[in-house]
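Subject: Handing over the model, with notes

Hi there,

Here is the structure I promised to pass on to you. Please have a look at it first, and then read my notes below.

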Amino acid sequence: MDLNQILFGVYPYVALSVLAIGSVLRFDREPYTWRTGSSQLLRRKQLMTGSVLFHIGVLAIFGGHFVGLLTPVVVWDTLGVTHSAKQMLAIVAGGVAGAFALVGGLLLLHRRLMDPRVRANSSFADTAILVMLMAQLLLGLATIPISLTHRDGHEMMKFMNWAQGVFTLRPGIADLVADVHWIFKAHLTLGLTILLVFPFTRLVHMLSAPIWYLNRRGWQLVRTRRDMSVRKGPVRLDPAE
């Protein structure tokens with residue numbers, strides 16, 4: 001079995017299995033670690049700017065990859081979307097979203113590394129996963145010039161068939177991406193690696209949807225300026241007691 005078969009025929013199933021099983025085990029055994037580890041009181045302005053840009057970009061990228069790769073080709077054909085049009089849409093939308101996420105991520109990484117208090121409040125995993133995400137974004141943006149040389153969408157179809165083949169257990173899926181550019185292969189491999197380490201990082205908060213708040217009864221803490229100190233004098237009891 002060659003390296004291509006291992007990376008794109010076996011590794012996807014290893015990464016997805018660890019993602020699913022690891023997330024369930026962490027939520028079951030270590031529920032109090034299922035959080036982002038907030039440091040929002042430190043350099044708040046930079047945090048907010050970077051966080052907004054990063055999350056907008058990442059959500060757009062995730063949605064684009066999910067829809068673009070896993071939507072069957074017949075659906076696009078039925079909607080009248082040509083492969084070349086889908087390719088250009090992916091390039092433009094992905095480029096803009098990637099730039100947003102990269103700028104926001106670099107702000108967050110700078111804050112985490114350069115501020116001594118934030119750095120002291122960060123774990124190795126916090127910094128490592130952010131570095132991995134930045135590298136993944138750079139690889140994704142680096143694929144744009146290559147994609148512009150394949151505007152007919154032929155290369156994009158390889159990745160669609162590969163991704164859908166992973167979930168349908170199609171044999172020989174690694175052969176579909178055997179001849180693509182090495183930058184695409186690096187992008188796929190690092191993406192699978194991020195899925196592999198996902199359950200062991202702060203990224204797990206992406207799976208949290210606090211829907212229980214919708215049915216929670218609200219309460220309000222009220223403070224008064226009146227003097228609520230105990231009054232002097234005998235205590236008057238209720239005869240009924």
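A word on terms to begin with: helices (H or I, at least four residues) and strands (E, at least two) are DSSP runs, numbered from the N terminus. Please keep in mind that this is a predicted model, in which local features need pLDDT of at least 70, side-chain atom pairs count only at pLDDT 80 or more, and totals for chains, interfaces and linings use all residues. Residues are numbered from 1 along each chain as its sequence is written, and side-chain values use heavy atoms, with hydrogens and water left out.

**The overall picture**

Of its 241 residues, 34% are buried; buried means under 20% relative accessible area, exposed over 50%, and partly exposed in between (1.4 Å probe, protein chains only). Among contacts between residues at least 6 apart in sequence, 80% join residues at least 24 apart, where contact means heavy atoms within 4.5 Å.

**The nonpolar cores**

A nonpolar core is a set of buried Ala, Val, Leu, Ile, Met, Phe, Trp, Tyr and Cys residues joined through side-chain atoms within 4.5 Å. The largest one has 35 residues, and Phe54, Met134, Leu137 and Trp162 touch the most other members. At least two residues of this core come from each of helix 1 (3-29), helix 2 (44-70), helix 4, helix 6 (124-147), helix 7 and helix 8 (182-197). Helix 6 gives the largest share, seven residues. There is also a second, separate core of five residues, including Trp76, Met156, Met157 and Met160.

**Where helix 4 meets helix 7**

Helix 4 (residues 83-114) packs against helix 7 (residues 154-167) at an angle of about 85°, and their axes are 9 Å apart. Axes are lines fitted to C-alpha atoms, for helices over the stretch in contact, and angles run from 0 to 180 degrees between N-to-C directions. Angles under 35 degrees count as roughly parallel, over 145 as roughly antiparallel, 65 to 115 as roughly perpendicular and the rest as oblique. Helix 4 and helix 7 are therefore roughly perpendicular to each other. The residues that meet are His83, Lys86 and Gln87 in helix 4 and Met156, Met157 and Met160 in helix 7. By class, this contact has three nonpolar, two polar and one charged residues. For the classes, Ala, Val, Leu, Ile, Met, Phe, Trp, Tyr, Cys and Pro count as nonpolar, Asp, Glu, Lys and Arg as charged, and the others, Gly among them, as polar.

**Aromatic pairs**

A pair of aromatic rings is described by the distance of the centres and the angle of the planes. Rings of Phe, Tyr and Trp (its six-membered ring) pair if their centres lie within 6.5 Å; planes under 30 degrees apart count as stacked, over 60 as edge-to-face and the rest as tilted. By this rule the count comes to three aromatic pairs. One of them joins phenylalanine 8 and tryptophan 162 edge-to-face, at 6.4 Å centre to centre with 80° between the planes. This pair links distant parts of the chain, with phenylalanine 8 in helix 1 and tryptophan 162 in helix 7, 154 residues apart. Phenylalanine 8 is buried, at 1% relative accessible area, and tryptophan 162 is buried at 8%.

Phenylalanine 159 and phenylalanine 184 form a tilted pair, 4.9 Å centre to centre and 40° between the planes. Because phenylalanine 159 lies in helix 7 and phenylalanine 184 in helix 8, the pair ties together parts that are 25 residues apart in sequence. Phenylalanine 159 is buried, with a relative accessible area of 9%, and phenylalanine 184 counts as buried at 10%.

**A few residues to look up**

- Trp162: leaving out residues up to four places away in sequence, tryptophan 162 touches Phe8, Pro12, Ile173, Leu176, Val177, Leu188 and Leu192.
- Phe184: apart from neighbours within four places in sequence, phenylalanine 184 is in contact with Thr143, Ile146, Ser147 and Phe159. The C-alpha atoms of phenylalanine 184 and threonine 143 are 6.6 Å apart, although the two are 41 residues apart along the chain.
- Lys185: lysine 185 is in helix 8 and touches Asn4, Phe8, Val177, Ala178 and Val180, not counting residues up to four places away in sequence.
- Leu169: leucine 169 sits in the loop between helix 7 and helix 8. Its phi is near 60°, a positive value in a residue other than glycine. Leucine 169 counts as exposed, at 62% relative accessibility.
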